[in-house]
Every structure is written in C-alpha cells, then in structure tokens.
Amino acid sequence: MSKLLPVRGTHDIIGEDFRLQNYVIKSALTVAETFGYEPIETPIFESTDVYQRTLGETSDIVNKEMYTFKDKGGDSLTLRPEGTAGIARAVISGGLQDNTPLKWYYSGPMFRHERPQKGRLRQFHQFGAELIGVADPAADVEVISMATEFLRNLGLLSEVKLQLNTLGDFQSRKTYRESLINYFSDFKDNLSEESQVRLTRNPLRILDSKDSNDKEIVSGAPSFHNFLTPEADSFFKNMCSGLDNLGIEYLSNPYLVRGLDYYCHTTFEFISDKLGAQGTLLAGGRYDGLIPMMGGQSIPGVGWAAGIERICMLTQMPTEEPRAICVIGLGEPGEKEAAKIALRLRRSKFKVDLIYKGGLKRGLRRANKIGAVAAILLGENELTNNNVTVRNLDNGSQTEVSLSELDSHLAVYESAKLVAE
RNA sequence: GUGGCUGUAGCUCAGUUGGUUAGAGCGCCUGAUUGUGGUUCAGGAGGCCGUGGGUUCAAAUCCCAUCAGCCACCCCA
C-alpha cells in the first residue's frame, strides 16, 4: 500500500495505453492535415479572465471546476479547462483577425476540478479543431465532416450517433428563453429541485434533464423551431443540406443544449451508448460571439473538441507492436561487443532490447518475458571466433554466424523492425 | 458539491456467528541446469487487513470518523 498516489482524478499513462493514445491523436491530426488545417499550441494556463468572461457566469466550469491560482506576481491564472477560449485569445493577441479564415487544430491536456467517474478525469486530453472567420454554414459542415472522417478512420463511426441542434442567433435565443421561463414557471413546484435552479440560471438546461417527471413537462414545452428567426432557420437548414450532400447521417435533437455560453446556431455531439453516463466522445458548435466578447473584432467561428481518453476506451490498435531482438553479452568484453551490435541493429530499425548483467539465464528469461522474437548471444566462444549466436525464441533453434553475415541472417526477423514513419 | 458500493501480499481475490501463528492463484526470487528462456519439480521472500479512534477478555470481522478508488447525480470531452 503505497502512500504516494497520483493526485485525485489524474493517472499515469504507461506502455500500451500511451501508444493507443498517441495513435488516436496521430490519426486525428492526420485527418486535420488532409483538411488543410494548421497546428497550434496555446499555453496550458491563461489569465483567469480568459475563461471567466467567456465560458459564462452560470456555467459549472467557471463556478466550481477551474484550477485557479495566483502566481508570484499576484496575477490570477487558470489551468485551461477547454481549448477554444485560449485559441480565441491567440487570434486577438496575434493580431490575426485580418488573416481569416484560420483553420487550426490542437491537442493537449485540459483541467477541471470535477468528481472523477468513468470517462471523467481532472486532467484529461482533448483534440480539437477550429475554423475561424467563416460565417457561412459551409464551415459548420466542413468541421463536422472532419470529425466524421476522424471517427471513421478509427472504426468508430458505427459506434456513435451524431446529434444535432441549433441554438439560433441571439435574437432567437432571447425570445425562446423568455417563453421557456414563462412555460416552466407554471410547473415550478413540480419540477425537480435541480431544474428549479436552472429555471433562473439557464432555462434551456431543463430541456435535457434526466428526471422523468421533468421530461414529461418538457414534452409540452414550446419548440425552439417556432422561435427561430428566418435567418437562423435558413442557416440551420442550409447546414443540414450540406451534411446531406456529403452523406453524413445525423439525428436532430431539439433538446441538445451546450454548456458554454459562447455557443450559437449549430451544436452537435457524437455520442456512444457504450461508455456509461459520459457518452459524448466529441462535441462542438458555433461560437460567433466569442471573439467579440473578448474584445476582438466581430469574427465568427465554429469548432469541436474530442475527449481522447473516451475515444481510447472504444478504440483498438490496428497493428501489433514489433517484437524485440534481445542482445545478451556475457562478461565485460561480451557486454561491450553487445552494445555495439545493439546499436548496429537499431540503426537498421530493429527494436532492440539490450540486457545488462546477470548472466545468460537471466538474460533469456527477460527476453522471454518481453516477448522477444530472437536473442543474440555473445560470450567468450563467440568473441574468439568473431561470431554471434542467434537464438530463435519461438522454437529454440540457434546458430552461430559470423558478424559479417549477421544482417542477412536476421532477414527472417523483418517483423522486429519498426515501420518508418 | 450530493449519493451508493468498495479498500486484506506487486496484481486478482478468499477469510465462517468477532476466537490463537491471515490464506489462495498469478507474479517475483533461489535451486534442479557453474553458457540457455518459455513447460515441469522443489523451496523461499513478501501483510500495521487504507488511516485514526471506539466497543470487547479478544477486531481483517462490529461502530464512528477520515482518506482513497469505482459508479451515478450535477456537469461535461
């Protein structure tokens, strides 16, 4: 029982788990590159107000989930809880507002002080894409198309459903909000405790309540559809027909509400039912108000973020790791020679595990344990003859070959080579 | 922040209505093999029973607190 544990909600990612995570991230950025997007990395912490002002005073992220601290200069800083706000800040900081459209992708850790559960950590990883400066629904379509290709390449498209909604423009949302408050106020005493709080804070939230009684009340609530301005309505219709044009399947869910204040018009989530309560793998939407809210010019944007850990839970690695060749030297002269041979094989892209000390038995045991294909043995006998012994660990056969013939002899172990990138 | 379940060896877990030296499997180490792994056999190490308090002649077992893990609510990727 070790007393030294990782901080709550964080964990170490080791070996195969880490490879899988790298694989998922790599396939995401490959897709993003094929869409012509550029990589960007913003700092892991920002001034607190970057998040405070933009994510919404009523959002849980701002209210209770931010890792905020004062640095030695007394400035209030916050570990980033999401990626979009930092990127909007970068647009303004870099004076990039005249360079639109900006097409960016990013990946890295995010931090939220939440109670951990399945699919939810305090430090987790996201990959995201943003398309900034295009007001046309074609931008929404492109970004959703990229997300679809990403999930398709991982073999997850059949595992998820794309849900879609519109939050309309500012005007639509304002009138709808008022009518919701009106409607729900009549049922106030029947609503769940949580929804009563939502009624004053964020009435749209009541729409996706999980409470069964709430759901019944919600079913009679006014539909957002009737409150959309003609502009917002046609924006949504255009976007849907853009998705149809690309053969992207989706489900319209009028109760899909995003948590962050900066969203407008399109919102979407790719949801799996195999991950317990936290089934959203990837989610995003349009945030036309964000950059002006931060004091920049009025530039629209649309994007999404994917939860790497959640996606990893559903993803299989398509290829197996190459099996190593173990190089075992006996005695000091043998070890020196072994180090040289290991380097030589590594330069030929073999995956090589060099064994230190401990004799032949221990060396072979280690070779077996790591699942090596072969072992190369170097003792006194081999050294005096300028040879090495190559032992096949699957069938136990071994032959002594001269150093000059080693490469051709190892040709049968091609599978131990790492594939060039 | 709220609730439910769970904390016993490195790992997965047994442990009877409270009763003497707390067990198994896997893993680890040593030997059978002084230069041959994976199989087999023989032996060995490893536990403040999450932590602190309480009840009792006696606590891994009952009670309280606390910490941690998991799952759910909330919320979100």
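Is Asp353 buried or exposed?

Analyst: Asp353 is buried, at 16% relative accessible area. Buried means under 20%, exposed means over 50%, and partly exposed lies in between (1.4 Å probe, protein chains only). This is a predicted model, in which local features need pLDDT of at least 70 and side-chain atom pairs count only at pLDDT 80 or more, while totals for chains, interfaces and linings use all residues. Residues are numbered from 1 along each chain as its sequence is written, chains are lettered from A and ligands numbered from 1 in the order in which they are written, and side-chain values use heavy atoms, with hydrogens and water left out.

Now the partner. Asp353 forms a salt bridge with Arg366, and their closest N and O atoms are 2.9 Å apart. Asp353 sits in strand E13 (residues 352-355) and Arg366 in helix H13 (residues 359-369), so the pair ties together parts 13 residues apart in sequence. Arg366 is partly exposed, at 40% relative accessibility. A salt bridge here is a side-chain nitrogen of Lys or Arg within 4 Å of a carboxyl oxygen of Asp or Glu. Helices (H or I, at least four residues) and strands (E, at least two) are DSSP runs, numbered from the N terminus.

Glu16 and Arg19 meet in a salt bridge of 2.5 Å, N to O. Both lie in helix H1 (residues 16-34); they are 3 residues apart, which means a separation of about one helical turn. Glu16 is partly exposed at 45%. Arg19 is partly exposed too, at 31%. Glu114 and Arg120 make another salt bridge, at 3.6 Å between the closest N and O atoms. Here both residues are buried. The whole structure has 17 salt bridges.

Next, the wider layout. Chain A is assigned domain 1 (16-169 + 229-312) and domain 2 (325-416), with bounds from an automatic or database domain assignment. Their centres, over C-alpha atoms, are 49 Å apart.

Arg391 belongs to strand E15 (residues 387-392). Its relative accessible area is 25%, so it counts as partly exposed. Beyond its neighbours within four places in sequence, Arg391 contacts Leu364, Val373, Ala374, Ala375, Gly396, Ser397 and Gln398 (contact: heavy atoms within 4.5 Å). From Arg391 to Gln52 is 63 Å, C-alpha to C-alpha, and 339 residues in sequence.

Helix H9 (residues 230-245) comes next. Just after H9, Gly247 has a positive phi of about 70°.

Last, Thr42 and Phe45. Thr42 lies in the loop between strand E1 (38-39) and E2. At 13% relative accessibility, Thr42 is buried. Leaving out residues up to four places away in sequence, Thr42 touches Arg80, Gly86, Ile87 and Ala90. Phe45 lies in strand E2 (residues 45-47). Phe45 is partly exposed, at 43%.
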